[in-house]
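The following account leads the reader through a structure step by step. Please keep the sequence and the coordinates at hand while reading.

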Number of protein chains: 2
Amino acid sequence: MSLLTLGSVAFDTLETPFGRREHTLGGSGVYASFAASFFTNSALVAAVGDDWLPEYSGLLRSRGVDLEGLELRANAKTSSWSGRYLSNMNDRKTLNYDGGVMAGDYVPIVPDSYKDIEYVLLGNMSPLSGMSLLDALPSTKLVVADTMDFYIRNMRDSLMTLLTRVDGLILNDSEAELLTGIKNSSLLAARKLLEFGPKFVVVKRGEYGAFWMTKEGEIYIMPAYPTTEVVDPTGAGDSFAGALLGYLAEAKVLSPESIKQALLYATVVASLNIEGFSLERFQFVKRTEIDERAKRFRAMLA
Amino acid sequence: MSLLTLGSVAFDTLETPFGRREHTLGGSGVYASFAASFFTNSALVAAVGDDWLPEYSGLLRSRGVDLEGLELRANAKTSSWSGRYLSNMNDRKTLNYDGGVMAGDYVPIVPDSYKDIEYVLLGNMSPLSGMSLLDALPSTKLVVADTMDFYIRNMRDSLMTLLTRVDGLILNDSEAELLTGIKNSSLLAARKLLEFGPKFVVVKRGEYGAFWMTKEGEIYIMPAYPTTEVVDPTGAGDSFAGALLGYLAEAKVLSPESIKQALLYATVVASLNIEGFSLERFQFVKRTEIDERAKRFRAMLA
């Protein structure tokens, strides 16, 4: 196995200007591990309850996502989230959240066959769960954590400890501002974040793209893929992170070239994901379609 | 002469978080013609009053800007503008504006030696003045107009007529929204603008860069140069437009390669301009410095 993703598996209820879906497949771990599977052998560590739908396991396995680390716990409920996107598609409102079996104190169970995994993505999850996972993995080479406002607000101390144990951090510009207190400059915020422990930070700026900054001051910039087909932004950041790490796990080297190619693929994969609700569009994407869009996108860039 | 710029010449009074300058050199024509001069033979058509300071003519001439088209009118006042930037450096407030000799009904006087000019930049100016200039130029090959919220709000009909006479339009994303009524999607707004006449539109997105869209649906994307050295954003858009057109006037061809290179240079030149008040920093910039920064910037991009 090349990349292990820890992240939530959830039932989502979604409202966007394009419609509504109830009780559909979602969660950071689902989007990230699915996105990574286009590039490398992808495994997911997560837990679901006895309300889980086996067809969703089938959907993930159909892309080759290894689910040996998907714990099915009896007498427990699968995590659920419901949210609504406003007309600009950038702002969203969480209407309901129930961590279920993956609530804040969730301890991931790592199959023995994963113990030698070198590339790890800690998806949007409790920092405590992330550290628990790392305790079980003695051979990591590259650990990258995604985070979000909820953990910054409510578990800051744990998050700060986690940051001393990761190589990279991925987050939104608004989250970078929240975590550092630095307003109006995601560049300065990124520099500050690098003092917290990570060797590199990837700041996502929604419709404007993302940049990667290293402790040595290197910067790589990727605009967003220009699309007007946004149907459901859920999982955009997770699929971005999954594709980024999936590509890097396969490249096995961090170089300017591999980082830029990873950012390009991550951008393209995220743009495909948001063209449909849940995995409705994403599940039919093929690597050839990703490569074709990546080629068209590259032609638009300098 | 290769590029003719029509644009304002003004005395600016500026306030930013970094300080204040009174009665200093500014105006869209000044920034644009100066920026263009790094790449091509640049000429400026504008008017000033008898309060004009000859040392400013010397500053422009020192970079090779041709001022045969700078009309010195007796018993008239040079245009003046004063504004204040808020702490995020994106929002600015106009405190005072006096069009002076270049008010809305200003008719540019075009020297005979400019009549065969093929490349024309209509800087931020009254659309009536722009059309008057075009009437005097029978041989144009590429005409690009910059515009701003003031003319969109107050001279919309004239602006719409001007748009049927230009090849390209440059504007901010907020101005694109204002002119089209299309919110939350600068891509859709750009598509709409292309129905108004221009063959291509360049939408500037401040700290997030710019994109170029053609009627045929081609898109070229350029992020902003990552800088934390913003001292005075005045003239950023004008110097962007000047460098863009200056490079294209010298390249003499619109191809994916020349457009992308022009966007890269425009971004770099604008980033140098905003590192100082007025032309305080800009006047000491050399082409070698632009090329070095362009090379560093290119290494950050895909």
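How many residues does the largest nonpolar core have, and which of them have the most contacts inside it? In this predicted model, the largest nonpolar core has 188 residues. Those with the most contacts inside that core are Ala243(A) and Ala243(B). For the copy in chain A, the surroundings can be listed by residue.

The next element to consider is a sheet of chain A. Four strands form an open sheet in the order β3-β2-β6-β7 (chain A), and their pairing is mixed. At its edges lie β3 (19-26) and β7 (92-98) of chain A, each of which pairs on one side only. From one strand to the next, the twist averages 15°.

Within this sheet, strand β6 of chain A comprises residues 79-85. Is this strand mostly covered or mostly open? β6(A) is mostly covered, with 5 of its 7 residues buried. One of its partners is strand β2 (residues 10-16) of chain A, which pairs with β6(A) in the parallel sense over 6 bridges. In that pairing, Leu14(A) stands opposite Gly83(A) in β6(A). β7(A) is joined to β6(A) by 6 bridges, and these two strands run antiparallel. Here Ser82(A) has Asn96(A) of β7(A) opposite it, while Tyr85(A) stands opposite Arg92(A) in β7(A). The two strands β6(A) and β7(A) form a hairpin with 6 residues between them. In this hairpin, Met89(A) takes a positive phi near 70°.

Beyond the sheet, the chain continues into a loop. Pro111(A) has its place in the loop between β7 and β8 (119-122) of chain A. Is Pro111(A) buried or partly exposed? Because 16 other C-beta atoms lie within 10 Å, Pro111(A) is partly exposed; a buried residue would need 20 or more. Not counting residues up to four places away in sequence, Pro111(A) touches Glu68(A) and Gly69(A). Pro111(A) and Glu71(A) are 40 residues apart in sequence, and their C-alpha atoms are 9.9 Å apart in space.

The last topic is the relation between the two chains. Two copies of a chain are related by a rotation about an axis and a shift along it. Chain B can be laid on chain A by a turn of 180° and a shift of 0.0 Å along the axis, with an RMSD of 0.0 Å. That is the relation of a two-fold axis.

Where do the chains meet? In the interface, 25 residues of chain B are in contact with 25 residues of chain A. On the side of chain B that touches chain A, at least two residues each come from α7 (186-195), β13 (219-222), α9 (256-273) and α10 (287-300) of chain B. β13(B) provides the largest share of that side, 4 residues. By residue type, the side of chain B that touches chain A divides into 16 nonpolar, 6 polar and 3 charged residues. Since 100% of the interface residues of chain B are also interface residues in chain A, the copies meet through the same surface.

Terms used. Residues numbered from 1 in each chain as written. Chains lettered and ligands numbered in written order. Predicted model: local features only at pLDDT ≥ 70, side-chain atom pairs only at ≥ 80, totals over all residues. Pairing = 2+ DSSP bridges. Axes fitted to C-alpha atoms, helices over the stretch in contact; angles between N-to-C directions. Contact = placed C-beta atoms within 7 Å. Nonpolar A, V, L, I, M, F, W, Y, C, P; charged D, E, K, R; others polar. Least-squares fit on C-alpha atoms with pLDDT ≥ 70 in both. Core = buried A, V, L, I, M, F, W, Y, C linked by C-beta atoms within 7 Å. Buried ≥ 20, exposed ≤ 12 C-beta atoms within 10 Å, placed from the backbone.
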